[in-house]
Amino acid sequence: MPTETFEFQVEARQLLQLMIHSVYSNKDVFLRELVSNASDALDKLRLAALREETPDADVSDLHIEIEIDKDARTLTVRDNGIGMSYDEVGQLIGTIANSGTARFLQELRETKDTAGAEGLIGQFGVGFYSAFMVADEVTLVTRRADESQGTRWTSRGEGTYTLETVDDTPQGTAVTLHLKPADPENQLHDYTSDWKIKEIVKRYSDFITWPIRLVSRTPAAAEAGDGGAARDPETLNSMKALWARSREEVSDDEYHELYKHISHDWRDPLETIRLQAEGTFEYQALLFVPSHAPHDLFTQGFQRGVQLYVKRVFIMDDCEALLPPYLRFVKGVVDAQDLSLNVSREILQQDRHIRMMQRRLTKKVLSSVKDMMTNDSERYATFWREFGAVLKEGLVTDAENRDAILAVASFATTHGDDEPTTLKQYVERMKDGQDDIYYLTGESRQSIENSPHMEAFRARGIEVLLLTDPVDEVWVDAVGEYEGKRLRSVAKGEIDLGAQKDEKTDGERQKQTEEYAGLLGWMKEQLDEDLKEVRLSSRLTVSPACIVSDAHDLTPALENMYRAMGQEVPRTKRILELNPDHVLVKGLNQAYKEREDRTGLAETAELLHGLAVLAEGGQPKEPARFVKLVADRLERAL
């Protein structure tokens, strides 16, 4: 059959021009696409051979070969796979036989950002066309495995292509690129360079099932008089997709090496998690929990996500869609057999497959942490020390898995200095008549334990959770309760510990309230700018006063957190509680009743308020004035 010339269909012609003239930040993806196509062709031949559909096909050494000729400046990607017939070449290569072409072109034109235009390739059958980003002319020679005659397709990407039949063509497909001159300024590298080809294959195609062999014809070989003979082929890919092999076939050392390769961490992982999902949507996952938290885990630019492969072809380095933000420390690989990609292999569609994978992977990680907690307390303690703070973010953001996260969460407690407790253990230890789970937030265990708010609880032996992570301020409100028990801050609202052996009767408390009523009202007037109420305390046994928030008010720490994020938060007035059994408060009440001139008492009231603010870790509104008042009092005492 003579050589025939055809015109590309309109969409294909437009696509070619966009491919050639658009500015792509990463032109290396052309080789990934050609290797991926070759791998698919080998997969199809193996399947056809198993079904005995191609009895004459040679399947003894299925492989992909990349040949570079430095003299001719050509690069050839060759496979001995299923191949294509004459009609298939015209249909699949000469046209874009896909209904989504128009939408593809529109999105390609409209994409402005570099990340989005990273090479809008990989769907709608356009991967092959990426070759024109780096080549002036492309020649494809192919022979279908069950046919005797081959086909040659040639185009310069200028609107036409030629088709002809050829004899003596080996089984499979060879795509030869006549490369453009290297232009590093426009990210057009020298693709006749051995190291560059090795780099691209290692990055994108290392785990392809089939061997990828590099054959390099060098000018030196030609000068030696051997006609430019090639060096012995070199296999570039490891083909070690550990996640595709059974656990018994892989050693811990191999898993650890893969983790170090992925994470760039020199330490072994704390936990290795395998997952194989079968059924209508198949994928495999190999995840790792590091043994140490990275230093930038809580910074805005932290790169989270796992590596995504489709049929062992590398797609994305940090696929954020596969795990929620509170599991951003997890590293690993997810390999899907068939995944819907939005135009590009780089940009994932938010479809049901992605959401399904995220749910399954999240539950698998949490169940692995639960197993660790149950069976290896030492490793769990390491995990919680390193990642507990970030995992607790999920209590706020992931209502679906909140119970699972609570089940693996542990907290410092007044019950013991060393052993943290779970909420389940706390509830089991609750005293008779205790209805709430008590907690207190603060910067450190020491500052919380020394807080005046803890005094009555310590005196009565009531356990309090000691929460020191910034996220603790948020999740306790989001969760609200556990097994019907309210989570209650000992620094908010009124605390009635009457059921816990309070030595005062209701009558005695009422009498005390009447006795201090005048002082409380007067102090409220004096400190009205800062306080909404002054009242007697049931939580103090040693300190003269403490400052608390109303039951539904934001804590100062939470207010500061919102302001740091740029959110305006109205200033909240606090509540001052006085210890009626403290000698200072008793003396202040006596002086209030006896003196008509209460100027000095007003300063004392101001000092008492400032001391309460300092005791909870805050700062007086006017530090300089507070220091002056303290200095004046000290001077008079000498």
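**Salt bridges in close-up**

The structure holds 46 salt bridges (a side-chain nitrogen of Lys or Arg within 4 Å of a carboxyl oxygen of Asp or Glu). This is a predicted model: local features need pLDDT of at least 70, side-chain atom pairs count only at pLDDT 80 or more, and totals for chains, interfaces and linings use all residues. Residues are numbered from 1 along each chain as its sequence is written, and side-chain values use heavy atoms, without hydrogens and water.

**View 1. Arginine 379 meets glutamate 271 in a salt bridge.** The N to O distance is 2.0 Å. Arginine 379 sits in helix H9 (residues 377-391), glutamate 271 in strand E10 (residues 271-277). They are 108 residues apart, so the pair links distant parts of the chain. Helices (H or I, at least four residues) and strands (E, at least two) are DSSP runs, numbered from the N terminus. Arginine 379 is partly exposed, at 27% relative accessible area. Glutamate 271 is buried, at 18%. Buried means under 20% relative accessible area, exposed over 50%, partly exposed in between (1.4 Å probe, protein chains only).

**View 2. Aspartate 436 and arginine 488 form a salt bridge.** Their N to O distance is 3.2 Å. The pair links strand E17 (residues 436-441) with strand E20 (residues 485-489), 52 residues apart. Aspartate 436 is buried, at 7%. Arginine 488 is buried too, at 17%.

**View 3. Arginine 574 pairs with glutamate 616 in a salt bridge.** The closest N and O atoms are 2.9 Å apart. Arginine 574 lies in strand E23 (residues 574-578), glutamate 616 in the loop between helix H19 (599-615) and helix H20 (623-637).

**View 4. Salt bridges link Glu494, Glu533, Arg535, Arg539 and Glu577 in a network.**
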